[in-house]
Amino acid sequence: MDKFVFPSYAKLNLYLEVLNKRKDNYHNLKTVFERIDLADEIIFTLRADKTIKVSSNSSRVPKDNTNLAYRAAKLLQDTFRVRQGAEIRILKRIPVASGMGGGSGNAATTLLALNKLWKLGLKQRRLVKLAKKLGSDVPFFVYNCPFATGEQRGDKISPLRTLKNRRLWHILLVPKIHVSTPKVYAAWDEFCAKISCFTGLTIPEYNVKLLILALQKNNLASIQKAVYNSLEEVTSRLYPELVQLKARLKDLGLKSILMSGSGPALFGIVSSRKEALALKAQLEKNIKSVEIFVTKTR
Ligand code: C5P
């Protein structure tokens, strides 16, 4: 049987401002996504019957019909009355439930791959519509772009074409804390209701426009100042280990460090691969029970 291999990238949120809670219990956001080269690999094998099967090298990936890649395949199959099936093997490298959209990326990759392999001929617009049904972060990965803004649930994507050649280097730290995204958003509601604010707990000093400008100019200092995440304070209140880790990182000389999504992944923007590798070596000596990666824009 032929096997078809597709990469499935992770994302970082360089900016994430929670604006308000919506009637459907989701939240309106303003976000800037960056696709990074930390990636899972998905191996598809076509089946003549309609069975869809998921397997993985990771015990943390669900293998049943709750898996987002499974749901993406089933959505395509049901919507377009596909008579074929597929075996989907996910080789996990992106830490699960870390705020880097690993599962969402797997869903988007499955949509893109099976559109080709099942010869459905669906255009991007159609795939984006399906992606929205699978999760707020899925549409970003359907666009083939390194940077994009996200509005509404984070699912209304505008690719940032002027940044298509921009590359950032990162040191990335993933503490072994299990963070629940719904819990983080619920806590955002609770804290914000208490202090009656609608724009988040800390007011961002810079906004998306300034961040994009800094990215266009490739001005590292301005980029570092402009990155922002409304949820960082919330996740830190729920998981104090994160505050301790950040304090430790500051002591070790890491100036600018931001959480991605609802966490717990933390990242810094550095000037080069060399700087990132040197930091990684230093951090590995000093910090335990945290996964450390060097990664860049993809
Ligand atoms: O869309 P997704 O399934 O990834 O969202 C997971 C959870 O995160 C939602 O059930 C919701 O609690 C929260 N969420 C939100 N507002 C968003 C995105 C996610 O409240 N814009």
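Visitor: Which residues form one aromatic cluster?

Guide: The model is a predicted one. A search of the whole structure finds 4 aromatic pairs. One aromatic cluster is formed by Phe33, Phe140 and Phe141.

Visitor: How are the rings of Phe33 and Phe140 arranged, stacked or tilted?

Guide: A pair of aromatic rings is described by the distance of the centres and the angle of the planes. For Phe33 and Phe140 the centres are 4.6 Å apart and the planes stand at 10°. Planes under 30 degrees apart count as stacked. The pair of Phe33 and Phe140 is therefore stacked.

Visitor: How many residues apart in sequence are the parts that Phe33 and Phe140 tie together?

Guide: Phe33 is buried at a relative accessible area of 1%, and Phe140 is buried at 1% relative accessibility. Phe33 belongs to strand E2 and Phe140 to helix H4 (residues 138–142), so the parts tied together by the pair are separated in sequence by 107 residues.

Visitor: Which side chains place an N or O atom 2.7 Å or 2.6 Å from an oxygen atom of the ligand?

Guide: The residues surrounding the ligand include His27, Ser136 and Arg153. Arg153 has a backbone N or O atom 3.0 Å from a nitrogen atom of the ligand. An oxygen atom of the ligand is 2.7 Å from a side-chain N or O atom of His27, and an oxygen atom of the ligand is 2.6 Å from one of Ser136.

Visitor: What share of the area that the ligand exposes when taken alone does the protein bury?

Guide: Taken alone, the ligand exposes 440 Å². The share of this area buried by the protein is 74%.

Visitor: Which element gives the most to the shell around the ligand?

Guide: Strand E2 (27–47) and helix H5 (181–194) are the elements that give two or more residues to this shell. The shell residues divide into 4 nonpolar, 5 polar and 1 charged. With 3 residues, the element that gives the most is H5.

Visitor: Over which ring does the charged end of Arg153 sit?

Guide: Arg153 and Tyr26 are both among the residues that surround the ligand. The charged end of Arg153 is 4.7 Å from the centre of the ring over which it sits, that of Tyr26.

Visitor: Is Gln152 buried or partly exposed?

Guide: Gln152 is found in the loop between strand E5 (147–151) and strand E6 (156–159). Its phi is near 55°, a positive value in a residue other than glycine. With a relative accessible area of 39%, Gln152 is partly exposed.

Visitor: What is the value of omega for the cis peptide bond that joins Gly263 and Pro264?

Guide: Pro264 lies in the loop between strand E9 (258–259) and strand E10 (266–270). For the cis bond between Gly263 and Pro264, omega is about 5°.

Technical notes. Residues numbered from 1 in each chain as written. Predicted model: local features only at pLDDT ≥ 70, side-chain atom pairs only at ≥ 80, totals over all residues. Heavy atoms only, no water. Near = heavy atom within 4 Å. Polar contact = N/O pair within 3.5 Å; in protein donor to acceptor, adjacent residues only side chain to side chain. Areas by Shrake-Rupley, 256 points an atom, 1.4 Å probe, with all protein chains shown as cover. Helix = DSSP H or I, 4+ residues; strand = E, 2+ residues; numbered from the N terminus. Nonpolar A, V, L, I, M, F, W, Y, C, P; charged D, E, K, R; others polar. Phe/Tyr/Trp six-rings, centres within 6.5 Å; stacked < 30°, edge-to-face > 60°. Buried < 20%, exposed > 50% of the residue type's maximum accessible area, 1.4 Å probe, protein only. Lys NZ or Arg CZ within 6 Å of the ring centre and 35° of its normal.
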